[in-house]
Amino acid sequence: MKQFYAVRRVAALAAGLALAAAAHAQPDPWSESYRLEGIGRYADAEAQITPFTARQPAHEFALIRSAWLTYLQGRYADAEALYQRSLALNPRSIEAALGVMLPQMAQYRWADAIKTGRKVLADSPWNYTAHVRIMICEEATSRWGELAKHAAEVSSRYPTDATILVYWARAESALRSVRKARELYAQVLERVPGHAEATKYLKSAQ
């Protein structure tokens, strides 16, 4: 019986030591990267996965995640280079191509971003993100006629979406099509009651 209890004590001690060791173990780098991103420590989050980006063969996900974290730090040229590395590794990656648009837009390279977005649309004609980012570029360059036509086409594919209607309404307002802009902003309010921009416009355009 004494031997039995001695064995149990040893087992309990071993379990306790294992738990203590686990508590002091290094966290998983991916989990830690997400945790650090969540509290705004983007450089530290990137550093957690840097060893993966240097691997051969290349680690596609690490490249895309590192590009995103680099973008969040405002290092736009580096972010674009990382997205391009991922795209070279997998030319079919829509995610990487969409990622390239982010630093291009952040640097006000609207024409480049539109060009990149259209490459996405060549493979995925009604990709929502690509269309919206192109709309942002069209608005930034005051291409109101193009934006109105573009938003109308995309809205017919995403009829419940308020964001596309907002871009369409802005274009119509800039083109002085007040009646159409009011109609569109009214539709925005149906989808997002209390929408600030739509409410303000409809009040001012009475």
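Reader: Over which residues does pLDDT stay under 50, and how many contacts beyond four places in sequence does the model have for them?

Author: Where pLDDT is low, the predicted coordinates should not be read in detail. This is a predicted model, and pLDDT stays under 50 over residues 17-23. For that stretch the model has 0 contacts beyond four places in sequence.

Reader: What is the mean pLDDT of the protein?

Author: The mean is 91, with 87% of the residues at 70 or more.

Reader: How do the axes of helix α2 and helix α3 cross?

Author: Two packed helices are described by the angle between their axes and the distance between the axes. Here the axes of α2 (residues 29-38) and α3 (residues 42-53) come within 7 Å and cross at roughly 160°. Because of that angle, α2 is roughly antiparallel to α3. The crossing of α2 past α3 is left-handed.

Reader: Which residues make the contact?

Author: From α2 they are P29, W30, E32, S33, L36 and E37; from α3 they are Y42, D44, A45, Q48, I49 and F52. Sorted by class, the contact of α2 with α3 has 7 nonpolar, 2 polar and 3 charged residues.

Reader: How many salt bridges does the count come to?

Author: Side chains of opposite charge can pair when their charged atoms come close. The count comes to 12 salt bridges.

Note on methods: Residues numbered from 1 in each chain as written. Predicted model: local features only at pLDDT ≥ 70, side-chain atom pairs only at ≥ 80, totals over all residues. Heavy atoms only, no water. Axes fitted to C-alpha atoms, helices over the stretch in contact; angles between N-to-C directions. Helix = DSSP H or I, 4+ residues; strand = E, 2+ residues; numbered from the N terminus. Parallel < 35°, antiparallel > 145°, perpendicular 65-115°, else oblique. Left-handed = near helix turned anticlockwise from the far one by under 90°. Contact = heavy atoms within 4.5 Å. Nonpolar A, V, L, I, M, F, W, Y, C, P; charged D, E, K, R; others polar. pLDDT = per-residue confidence, 0-100. Salt bridge = Lys/Arg side-chain N within 4 Å of Asp/Glu carboxyl O.
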